[in-house]
Amino acid sequence: IERRYNWTSASIDKNLDAARAFVASQFVQNFVQGVSNIRKFSKEKGVSQRAYATGLSVDLKRGLVTITGDRITEIQGMRAAGPFNLELSFQGGMRSVENPWGVYILKETER
């Protein structure tokens, strides 16, 4: 959440590149394509975003994490708050310096 959903227009590239380390290798290209418009829009319009998780449910058998919380988006100084509802499919894998837990995201779905 911290790397993927918390950024400013100045930090979006760094944060999303860091989030990429948590995406399963076979889905990295989908992730890069999926966030390309977010990167562009954020830089052009001066957008920042912060997400705060308040609820978390993990289903190890199904490889599913459900996260609820709040999201604050700021566009050119105007702030808006709304719900943050996210479902992540995951699998275990190799640990690395960038991903010391070895947990890799297969799919993210915002609801």
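**Salt bridges, a helix pair and an exposed loop residue**

Arg71 is buried, with a relative accessible area of 15% (buried is under 20%, exposed over 50% and partly exposed in between, using a 1.4 Å probe and protein chains only). This is a predicted model, where local features need pLDDT of at least 70 and side-chain atom pairs count only at pLDDT 80 or more, while totals for chains, interfaces and linings use all residues. Residues are numbered from 1 along each chain as its sequence is written, and side-chain values use heavy atoms, leaving out hydrogens and water.

**Salt bridges**
- The structure holds eight salt bridges (a side-chain nitrogen of Lys or Arg within 4 Å of a carboxyl oxygen of Asp or Glu).
- Arg71 pairs with Glu110, their closest N and O atoms being 2.2 Å apart.
- Glu110 lies in strand S4 (residues 103–110) and Arg71 in strand S2, so this pair ties together parts that are 39 residues apart in sequence (strands are DSSP E runs of at least two residues, helices H or I runs of at least four, numbered from the N terminus).
- Arg79 and Glu74 meet in a salt bridge at 3.2 Å, N to O; Arg79 is exposed at 62% relative accessibility, whereas Glu74 is buried at 19%.
- A network of salt bridges links Asp13, Asp17, Arg39 and Lys43.

**Helix pair**
- The axes of H2 (residues 12–19) and H3 (residues 28–45) come within 10 Å and cross at roughly 165° (lines fitted to C-alpha atoms over the stretch in contact, with angles from 0 to 180 degrees between N-to-C directions).

**Loop residue**
- Gln76 lies in the loop between strands S2 (64–75) and S3 (78–92).
- Phi of Gln76 is near 50°, a positive value in a residue other than glycine.
- Gln76 counts as exposed, at 60% relative accessibility.
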